[in-house]
Amino acid sequence: MQSDIIKQARIEIQRKSALNAEKKKRKDKIVRLFFFFITCICSLIIVIVAGFIIIKGLTPFFKIYTENGHTGSMSFSYFFTGLQFNHGYDQETGTFMYGVGFLVVNTLYINLISYIISIPTSILTSLFIARIAPKPLKKIISTGVDLLASIPSVIFGMFGLGVIVPLVRSIGRAMGLAGTSGISLLAGAIILALMSMPTMISVMVTSLNAIDESQIKASLALGASKTQTNFKIALKNAKSGIFAGIILGIGRALGEATAVTMVTGSPIYGITANPFDPTVTLTTQMLLAIGEATPNSLNYDARFSAGLVLLVIIILINFLLNNIKDIVCSIDRKPSKAIIFLKQLFTNFRNPCYDLKKLK
Amino acid sequence: MTLKSLNNEAIFEKKKRFRERVKDFFSVTSTYIFSSFTLIALIAIIVFIFSRGYSTLSWDFITGDYNPTTYVIRTDTESDADRLDNTFDYTPREGEYFSSLWGIGFMDEENNVGEKIVIISYVDPNANINNIVDADNNPFTIEAGTTVNSALLYNDEGRVSIRIDKGAQEVAKRFDECPYILQMSLTTGGDGIRGSFISTLYMIGITMVIALPLGISAAIYLGVYAKENKITKMLRNMIDMISGIPSIIFGLVGGIIFLPIVGGNGNLISGSLTMAFMILPLIIKTTQESIKTIPKSLSDASLALGASQTQTTFKVILPNSLPGILTSALLGISRVIGESAALIYTSGVAILDTVSPTQGSATLAVHIWSLMSGETQNYEASCAISIIILIIILVLSIIIKLISFITERKKRRRG
């Protein structure tokens, strides 16, 4: 009798706990789905951004705008070959002439100059921090790099306008360019280099710290000096990290807008070759006179086209550099013949002793 | 023959070693020189900002209005009988010119844009008995530190107009000649950053309210629930890709999405929505990292004790990843404070004194941008704002360091 009651109770408890477990499971599933949903929303941002840029960037070519009494869409050929962002209305073809092609050239040029400054500096600085510096100096410089990384771009721009621009002006005057005002491509490139260096350095230092210590010891045991080991073994081993740093830094430099706008001036026309002349790049053109452009006008939409071109450039450069990184850094893959030839050329060129010994 | 060649070899070796040593020396020196560049740049930035901005930085600067208040005052002609009897004694400071008839000292100064102005530098304690009223006939008290914009005085012989551009000496002289003010315009305050400061706080608040829940949820999914499959990998890659997009593109897209909704040139809400988009990957990554460091034994123990996955997530994993969440929030805040390009499109560049979230208003960084991008640059005020921004960012990064230090210590104790 009693055992019956106990049995029943046990069954009851089991049933309840099973129900409970099921409930819990269902709840878990709902919560999991909820989190998944939010993650999807977060990752959809990239789709939204890319979609809007692509759609909005392509509309000016097809949509008919009415501005200043003229109607027409954006000229396709002038977009790539034109030498002015807003060149007005072309009566013959019935299109508005907005040029972006020259902005691309200017952007690549200013970035190239900034890389000439930033890449060697960051490689040597990261080598110094990771392997050469005595401990107190190491701490000081890495803290300095961290601080430099946290400075907002407006402050960089203001610093550029207050310090770099007068500096460039005096350099230009000393070189005999009387007309230079200092607001120039060179000032922009210096600011870009300063801004992209912390990113590069931090990635490079991480990769230099992570290299295999046995390689270093082997090199030292073979009689190479410490400096030779640092430059030839450490740098070579951290190659992929160095490339990753460069790629990140380039990404930051290409997208930078406010600081560059402040120091490069606002010419409206043409490609700049002289580093002491003002220049206009993709990002600065997108910022210039934004207050005067009303949304959904052609002037506003053409900025989306510039943005689309900027995104395409960033993606292309990233793709290219990643490929180069794979070629240079992978051991398994056979380097192409051209690279082998170049390597031989350089080693022979650099090392005259090598040839002498061969002759002997 | 062999000896000679051996000797030659030795000399060759020696020369080679010497050459190598010289080369080593130059390589090491080059790393020293190049790594000093970053340090020099940092020091130059800090010295520049502090030397130009320190004098402007004051409590009034932080709490003051951006737009100056202008008063138009005059002498109340109905009750100025004993007006002429007042004379004041005061030894003016250097560069100060004193009007003994009025008891007011004037001084030449330059404003932040570099224009010459005349300010009232001293007011005698008894100088304000002179029946001065403002435009609404209310008694007005002249205070030291106000700028004189224009003044039209008169005496018994007629009107005397004062040329402010001739300097303080001229102004003081004319004031001594005339006992009455027909019309004088004074400006007080201005150039303050209270509005921008408050809109920065609004921006941080709204951005965090939107971005933190989304970011933490996504981090929990990716760190706790997600299985390693193609979809997870794709989601992760997409979130990583967001951080590679330049802020100006975010500005453009944020502008085109939110401006039609909020209208006009955007407001603080549209700006912070854009910022939330921008800092999401940062929050997700940092939080996910901290979830990863939670020992698996903790959540396993919770599950073994019969807690459901949901309970484990909310009661074990979330509290333990609090340092990471805090760090991500602080990183996000410092990103919001420094951002300018995206906000120029989405929340406007107008500097306002009375801020509300439904109005477009400049944050501190955009304030600098609008001060610097005009015809004349206001270095003093922008450097002072930069000092404030840098101090905030420094404090935030110190807090982040502290958090990581404390969690490290805790972990070591536990281990």
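Reader: How many residues does the contact take from chain A and from chain B?
Author: This is a predicted model, in which local features need pLDDT of at least 70 and side-chain atom pairs count only at 80 or more, while totals for chains, interfaces and linings use all residues. Residues are numbered from 1 along each chain as its sequence is written, with chains lettered from A and ligands numbered from 1 in the order written. With residues in contact if their C-beta atoms, placed from the backbone, lie within 7 Å, the contact takes 65 residues from chain A and 68 residues from chain B.

Reader: Which helix of chain A gives the most to the side that touches chain B?
Author: Chain A has 14 helices and 4 strands (DSSP runs numbered from the N terminus: H or I, at least four residues, and E, at least two). The one that gives the most to this side covers residues 2-62 and supplies 18 residues, namely helix α1.

Reader: What does the C-alpha trace of chain A span, and what share of its contacts between residues at least 6 apart in sequence join residues at least 24 apart?
Author: Along its principal axes the trace spans about 115 × 80 × 45 Å. Of the contacts between residues at least 6 apart in sequence, the share that joins residues at least 24 apart is 70%.

Reader: Where in chain A does pLDDT stay under 50?
Author: pLDDT, the predictor's confidence in each residue from 0 to 100, averages 82 over chain A, and 90% of the residues score at least 70. The stretch under 50 has 3 contacts beyond four places in sequence and covers residues 350-360.

Reader: How far apart are the C-alpha centres of domain 1 and domain 2 of chain B?
Author: Chain B is divided into domain 1 (68-188) and domain 2 (194-414), bounds that come from an automatic or database assignment. Between the C-alpha centres of these two domains of chain B the distance is 51 Å.

Reader: Which strand of chain B pairs with β6(B) over 7 bridges?
Author: Strand β4 (residues 116-123) of chain B is joined to β6(B) (residues 147-155) by 2 bridges in the antiparallel sense, with V118(B) opposite V148(B); two strands pair if DSSP finds at least two bridges. Strand β7 (residues 158-161) of chain B also runs antiparallel to β6(B), over 4 bridges. The pairing over 7 bridges is antiparallel too, made with residues 180-188, strand β8 of chain B.

Reader: Which residue of β8(B) stands opposite T147(B)?
Author: The pairing of β6(B) with β8(B) is antiparallel. In β8(B), the residue opposite T147(B) is T187(B).

Reader: How many residues form the hairpin link from β6(B) to β7(B)?
Author: Across this antiparallel pair, Y154(B) stands opposite R159(B) in β7(B). The hairpin joins β6(B) to β7(B) through 2 residues.

How values were computed: Two residues are in contact if their C-beta atoms, placed from the backbone, lie within 7 Å.
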